[in-house]
Amino acid sequence: MRCPFCGNVDTQVKDSRPAEDHVAIRRRRFCPACGGRFTTYERVQLRDLVVIKTSGRREEFDRSKLERSIRIAMQKRPVETERIDQMISGIVRRLESLGDTDIPSKRIGEITMEALARIDTVAYVRFASVYMNFQAVGDFDKFMSELRPTSTPDEG
Ligand SMILES: [Zn+2]
């Protein structure tokens, strides 16, 4: 695994342990060249998924993009990181078992909302309200880019 700091490909695994209720393996890595430390996750990938955007454009499914939008919706909510990771893995597992590797971005939004609704109402409302706005104009890409952290008055 290449060091993200200096590019050295010869990095060492310092520690491996199960994460997300044994759905993933978390590895702490060390780069002897620059002293950098970073973490990688190993997960089962059943199928290579392709996202069909509203524009018709196709793009390889990127778990980290989904993760980012969910973490923004979950911001400052009293839900453990571990539980959020499990939810994200659950969403990905559902996407992988849809029967088709080509998945409309709209479907991903729906499945994500269902999962959020079960875990945290506030996060669900945050996600859904932004989602619905952009559903109206049919631009899910724009929706994903508009879903950004915002500060609310009660958070001082
Ligand atoms: Zn390095």
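This is a predicted model: local features need pLDDT of at least 70, side-chain atom pairs count only at pLDDT 80 or more; totals for chains, interfaces and linings use all residues.

Colleague: Where does S64 lie?

Modeller: S64 belongs to helix α1, which covers residues 63-73.

Colleague: Is S64 buried or exposed, and why?

Modeller: S64 is exposed, because it has 7 C-beta neighbours inside 10 Å, and a residue with 12 or fewer is classed that way.

Colleague: How far is S64 from I88?

Modeller: Their C-alpha atoms are 9.8 Å apart, and 24 residues separate S64 and I88 along the chain.

Colleague: Let us step back. How many helices and strands does the protein chain have?

Modeller: There are five helices and six strands. Read from the N terminus, the order is β-β-β-β-β-α-α-β-α-α-α.

Colleague: And what share of the protein chain is buried?

Modeller: Of its 156 residues, 22% are buried. Among contacts with a separation of 6 or more, 50% are between residues 24 or more positions apart.

Colleague: Which residues have the most contacts inside the largest nonpolar core?

Modeller: That core has 20 residues, and those with the most contacts inside it are I70, A73, I88, I91, L116, A123 and F127. At least two of the core residues come from each of α1, α2, α3 and α4 (121-137). Helix α2 supplies the largest share, six residues.

Colleague: What does L116 touch, beyond its neighbours within four places in sequence?

Modeller: L116 is in contact with A73, A123, Y124 and F127.

Colleague: On to the helices. At what angle do α2 and α3 cross?

Modeller: The axes of α2 (residues 81-96) and α3 (residues 105-119) cross at roughly 145 degrees and come within 10 Å. The crossing of α2 and α3 is right-handed.

Colleague: Which residues make that contact?

Modeller: From α2, they are R83, M87, G90, I91, R94 and L95; from α3, they are I108, I111, T112, A115 and I119. By type, the residues of this contact are seven nonpolar, two polar and two charged.

Colleague: How many bridges join β4 to β6?

Modeller: Three bridges join β6 to β4 (residues 50-52), and the two strands run parallel. One of the bridge pairs is I52 with P104 of β6.

Colleague: Changing topic again, how do β1 and β2 pair?

Modeller: They pair in the antiparallel sense over seven bridges, with β2 spanning residues 24-30. P18, for instance, has I25 in β2 as its bridge partner. Together β1 and β2 form a hairpin with four residues between them. In the turn, E20 has a positive phi of about 55 degrees.

Colleague: How many residues of β1 are buried?

Modeller: The count is zero among the eight residues of β1 (residues 12-19), and the strand is hardly covered.

Methods: Residues are numbered from 1 along each chain as its sequence is written. Axes are lines fitted to C-alpha atoms, for helices over the stretch in contact, and angles run from 0 to 180 degrees between N-to-C directions. A crossing is left-handed if the near helix is turned anticlockwise from the far one by less than a right angle, and right-handed if clockwise. Two residues are in contact if their C-beta atoms, placed from the backbone, lie within 7 Å. Ala, Val, Leu, Ile, Met, Phe, Trp, Tyr, Cys and Pro count as nonpolar, Asp, Glu, Lys and Arg as charged, and the others, Gly among them, as polar. Two strands pair if DSSP finds at least two bridges between them. A nonpolar core is a set of buried Ala, Val, Leu, Ile, Met, Phe, Trp, Tyr and Cys residues joined through C-beta atoms within 7 Å.
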